[in-house]
Amino acid sequence: MNRASGVGRPGADRTVVLTLLALLAALCWACLLFLLFRAGRLSALGLGTGGPVRVGPYRAADLAVLLALWIVVIAAMMLPAAAPSVLLYARVKRLVRERWVYPSTFLFMLGYLFVWVCCALAATLADWQLHDAGALDETMAIAHPTVGALALVAAGVYQWTPAKHVCLDNCRAPLAFVLTHWRRGMWGAFRMGVTDARYCTGCCWLLLALVLPAGVLNLPVIAGLIALILAEKLLPGGHVVACATGLGLVGLGTALLFP
């Protein structure tokens, strides 16, 4: 056996990559809890009113905290669902006997992170504009209930679209993507991560967007969305789960629109 190639160590690869993913997920949640305490001061005025909060404009430090909060929220939500693709990439990297398996796998994950940072930047800009318009309440949620109801309906309808299910197919069975989009080298690993993360985001972007009306400080909503995303991507019958969830979201949104 060629020990230099390391083909005989898939179990070690799996252990190392899973450990890295677990550490990153734990770091995201630790940062999230820390930033929740930091971000609490952004909504300190008007606490308990349940209505729009009029405060001064965000400063640069406030925007930095808000951006960091969105990054760790999105990463915490999406990282567990990305684990099968990351593990498969490391496995194939070892089987084709390319060098630098672990650094390449890390760069593959950084490609995911790059896409999530772009999403977090968009969410931060949206929160910034909503805050300056006085549209956020003390939990940093959109104060007008109609907006949340419309977001639920939109997310529910998207659960039934072909685009959703094409992206979900890629997330549930990443082997076809890895084989057809394979790129050699370190830069190729990063580009593959970016491309795969686009499918992953395309599958879940409207579910992620529900955090905006619910409030980025709303841990129960974040935990519920994590459970839903994992159920779609990892459980048997994920497409059925997505469609059933879509019906539930549309029903809930409609009930809020027409109480």
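Of the 259 residues in the protein chain, 46% are buried (under 20% relative accessible area with a 1.4 Å probe, protein chains only). The structure is a predicted model, in which local features need pLDDT of at least 70 and side-chain atom pairs count only at pLDDT 80 or more, while totals for chains, interfaces and linings use all residues. Residues are numbered from 1 along each chain as its sequence is written, and side-chain values use heavy atoms, with hydrogens and water left out.

The protein chain has 10 helices and 0 strands (DSSP runs of H or I with at least four residues and of E with at least two, respectively, numbered from the N terminus). Among contacts (heavy atoms within 4.5 Å) between residues at least 6 apart in sequence, 82% join residues at least 24 apart.

Apart from its neighbours within four places in sequence, Trp116 contacts Ile74, Ala75, Met78, Leu79, Ala82 and Thr201.

The axes (lines fitted to C-alpha atoms over the stretch in contact, with angles from 0 to 180 degrees between N-to-C directions) of helix α4 (residues 145-158) and helix α10 (residues 238-257) come within 7 Å and cross at roughly 155 degrees. Helix α4 is therefore roughly antiparallel to α10 (angles over 145 degrees).

Notes: Angles under 35 degrees count as roughly parallel, over 145 as roughly antiparallel, 65 to 115 as roughly perpendicular and the rest as oblique. Buried means under 20% relative accessible area, exposed over 50%, partly exposed in between (1.4 Å probe, protein chains only).
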